[in-house]
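Trainee: Please pick one part of this model and take me through it closely. I would like to know what faces in, what faces out and what holds on to what.

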Amino acid sequence: MEPHTEARLAPPLDSLPLPRPPHAQPEPPAGHTTSTADRGSFCLAVCTCGWNGPARRSRDLARRDAARHTQP
Ligand SMILES: [Zn+2]
C-alpha cells in the first residue's frame, strides 16, 4: 500500500507569473483587403480588418459594399 499523504500546496495564483504575449491583439495587416464570401445563396463582403458587409443577393452588391468600406 502506498501512502497518499503527501499533500502538495498549490501556490497562490498571484505569485504565478502570467505569460503575457507581446501583442494581446493580433494586428491586421496594413490597409483593408476586401474579398467576397459566399454564404448559402448570399454573398457578402469581408475585409482583413474583421469587417464584413451585409449579406447580398448578388456578388456585385457585395463588391460595392467592399468598395464603400475601403473608400473613406
Ligand atoms: Zn477593413
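Mentor: Start with a term: buried means under 20% relative accessible area, exposed means over 50%, and partly exposed lies in between (1.4 Å probe, protein chains only). Keep in mind that this is a predicted model, where local features need pLDDT of at least 70, side-chain atom pairs count only at pLDDT 80 or more, and totals for chains, interfaces and linings use all residues. Residues are numbered from 1 along each chain as its sequence is written, and side-chain values use heavy atoms, without hydrogens and water.

Our part is helix H1, residues 59-70. First, its setting. The chain has one helix and two strands. Helices (H or I, at least four residues) and strands (E, at least two) are DSSP runs, numbered from the N terminus. Read from the N terminus, the order is β-β-α. The chain has 72 residues, and 11% of them are buried.

Now check the length of the helix. H1 has 12 residues, so at 1.5 Å a residue it should span 16 Å. The expected span is 1.5 Å times one less than the number of residues. The end C-alpha atoms of H1 are 17 Å apart, which agrees.

Next, turn the helix and look at its sides. Ala62, Asp65 and Ala66 are the buried residues of H1. They cover an arc of only 95 degrees around the axis, so they sit on the same side of H1. That arc is taken over the directions from the helix axis to the C-beta atoms. On the other side, Asp60 and Arg68 are exposed. What covers the buried residues? Strands S1 and S2 (42-47) are included in that cover.

Stop at Asp65. This residue of H1 is buried, at 5% relative accessibility. What does Asp65 touch, apart from its neighbours within four places in sequence? Its contacts (heavy atoms within 4.5 Å) are Ala45, Trp51, Pro54 and Arg56.

One of those contacts is also a charged pair. Side chains of opposite charge can pair when their charged atoms come close. In a salt bridge, a side-chain nitrogen of Lys or Arg lies within 4 Å of a carboxyl oxygen of Asp or Glu. Arg56 and Asp65 make such a bridge, at 2.6 Å from N to O. Arg56 is partly exposed, at 24%. Arg68 joins in too: a network of salt bridges links Arg56, Asp65 and Arg68. The structure holds four salt bridges.

Arg59 forms a salt bridge with Asp38, its closest N and O atoms 2.7 Å apart. This pair links distant parts of the chain: Arg59 is in H1, Asp38 is in strand S1 (residues 34-39), and 21 residues separate them. Arg59 is partly exposed, at 38% relative accessible area. Asp38 is exposed, at 52%.

Another pair stays inside the helix. Arg63 and Asp60 meet in a salt bridge at 3.7 Å, N to O. They are three residues apart in H1, which means about one helical turn separates them. Arg63 is partly exposed, at 49%. Asp60 is exposed, at 51%.

Last, look for the metal. Which residues coordinate the zinc ion? The donors are His32 (ND1), Cys47 (SG), Cys49 (SG) and His69 (NE2), at 1.8 to 2.3 Å. His69 lies in H1 and His32 in the segment before S1, so the pair ties together parts that are 37 residues apart in sequence. A donor here is an N, O or S atom within 2.8 Å of the metal (3.2 Å for Na, K and Ca); water is not among the atoms, so sites may look incomplete. The site is tetrahedral, with angles of 106 to 115 degrees among its four donor atoms. Four donors count as tetrahedral if all angles lie between 85 and 135 degrees. The donor spacing in sequence is H-x14-C-x1-C-x19-H. Both histidines are partly exposed: His32 at 42%, His69 at 23%.

Technical notes. Four donors count as tetrahedral if all angles lie between 85 and 135 degrees; four count as square planar and six as octahedral if opposite donors are over 155 degrees apart and all others between 65 and 115; anything else is irregular.
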